[in-house]
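Have the sequence and the 3D view ready, and look up each residue as we come to it.

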Amino acid sequence: HGANWREKRAILAPNATGIAALKGGAVAAGLPVLGVEWHTPGRWRSLALAALIGQNHRIALREDLHLLLELAAASLPENPLARAYGADPAPFQELLDKLESAGWNPEVLSDPAARELAQAAEKLRAQTNWLTAAAADRKLLDAVTKGARPRLGQKLLLAGFGPGDWPLAALLQSAAAAYDDCEIVFDVAENAIERGPSTAVWIGWREEKLGTAAEYLEAPAETAAPFAEFALEIGEPTNPSAGARKKFAPAKNVPIFWLAENLQAEADLAAAQALAFMRESDDARVGVIVGSSASPLAREVAARFTALGCPHHDATGHLPGRENARALFEAWLDWQEDGRLAGLVAWVRAAARGGLLAEKSADKIERSLREAASALLTDDPVVLVAWLGSAPGEHLDARDFLAEWPRLPESEKWDDLIKIIISASEKLHWPAEPEALAQRVEVWRGQLATPVPRASVVRWVRAVTRVPGRTRAALGREPWARLQIVDAA
């Protein structure tokens, strides 16, 4: 795109991994990237919608769509599919996503129950002013077609998209038209037919909608020896583990094999070998590829790079331990979902572990709850609370605990349920950034006038407060780093 940093330039790639690869390539080639904006499809979609003057759109996230589908299912008690997918809407929502991204609406569904459920969800989504990603892409394309381009810059580079990105077709058309100059880097496959009909159709579509093949920048041909750049002739790794031994001597363009006695020795050796590769060249990029993201080897290698102070990109990450506040909040949500005696006792014990109750108080409360359930021959929390309200003084601790941590009503207006949840969240100090939950809640305020089930709201709150499954050290968050840890997938 040239070296004029004053021009507003952007690069759109399918995902964060693609962006990291492009950034690494730019750095290795010494290209100027000042002023370049890097976008994934989701980020670009949000910016483009915001750039359309007079437009005020909200794109529903996954948990929002699941909530809407749950509420739609709750409104159809006689619908067998609604009963089947009400508590777990993810599979049906995935079907609707594929249907909509292909340009179809629910009316094409042949099964009456499926069509009724999909139409109910679509109606509810329209009433609450939410857009799906596919609907947002079509709205962008419609605006661009009518000449209302979102002015986002002068130059755009589209890179890395292929036949698997059909759901993004409308977005790619919009992006190509939203800039004064758009260049595209796709794999120009001369043997498209041999690759399969989907590849041939994809190439035909992009040439028809985005321009002819002559307007494309052709990507480099695939190397005949994809591992050659990693199979370098090197000497002994730095400080190899005593528990590892070389199986084969290194030779030019021949992989080097090592055997290790245990995981620690294997991690020592992998880290040492990667650093040895790094010494071969000042601009070499080295990848440590593990079998899967669940492999403990990735965590151990990343720990060694961190201990040595080596910036790297730990693409696999590792599962973090649960913070005390998070564990307490999740236990409170469990109590909301399982309101019987077992769930209530589990919440009392979690409160004791988290420091909300003294151990003796927790024991006393549990005895009171079990005595009440035995006397009443039921563990319904509403009945237990009523009994404890008129019980003798020795049950005061249990009465006070249930008064401070009540169970949500089975069905209530959205705003009233959320008010109780926010209060519990603040007392339990989770999420760590309270504004994150507050912002997600705010966009729903006043949107749902009819009562909503407690179970649906609790599942939504659990989803929006869930911590991303994997984390990494600060030194492992450098996508431009020369050291990369990735899994084979």
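Buried means under 20% relative accessible area, exposed means over 50%, and partly exposed is in between (1.4 Å probe, protein chains only). In a regular strand the side chains alternate between the two faces of the sheet. Helices (H or I, at least four residues) and strands (E, at least two) are DSSP runs, numbered from the N terminus.

Before going on, note that this is a predicted model: local features need pLDDT of at least 70, side-chain atom pairs count only at pLDDT 80 or more, and totals for chains, interfaces and linings use all residues. Residues are numbered from 1 along each chain as its sequence is written, and side-chain values use heavy atoms, leaving out hydrogens and water.

Which strands pair with β1? Strand β2 (residues 36–39) runs parallel to β1 and is joined to it by four bridges, with A10 opposite E37. Strand β3 (residues 155–159) also pairs with β1 in the parallel sense, over four bridges, and here R9 stands opposite K155. Two strands pair if DSSP finds at least two bridges between them.

## An open sheet

Another sheet is open and has three strands in the order β8-β12-β9, with parallel pairing. β8 (286–290) and β9 (313–314) stand at the edges with a single partner strand each, so one side of each has no neighbour in the sheet. Two bridges join β9 to β12 (residues 483–487), and D314 stands opposite I485.

What does the side chain of R58 reach? R58 lies in the loop between α2 (41–51) and α3 (62–74), and its side chain reaches the backbone oxygen of V443 at 2.3 Å. R58 is buried yet has no salt bridge; D64, the nearest side chain of opposite charge, is 8.3 Å away. Lys and Arg count as positive and Asp and Glu as negative, while His and the chain ends are not counted.

D137 sits in helix α7 (residues 133–145) and counts as buried because its relative accessibility is 3%. Its side chain joins that of R45 in a polar contact of 2.7 Å. A polar contact is a pair of N or O atoms within 3.5 Å; within protein, one must be able to donate a hydrogen and the other to accept it, and residues adjacent in sequence count only if both atoms are side-chain atoms.

## Salt bridges

Side chains of opposite charge can pair when their charged atoms come close. A salt bridge is a side-chain nitrogen of Lys or Arg within 4 Å of a carboxyl oxygen of Asp or Glu, and by this rule the count is 25. In one of them, D180 and R149 have their closest N and O atoms 3.2 Å apart. D180 lies in the loop between α8 (169–177) and β4 (181–186) and R149 in the loop between α7 and β3, so the pair ties together parts 31 residues apart in sequence.

K155 and D181 also meet in a salt bridge (3.3 Å, N to O). K155 is in strand β3 and D181 in strand β4, so this pair ties together parts 26 residues apart in sequence. K155 is buried, with a relative accessible area of 16%, whereas D181 is partly exposed at 26%. Finally, R349, E359, D363, E366 and R370 are linked in a network of salt bridges.
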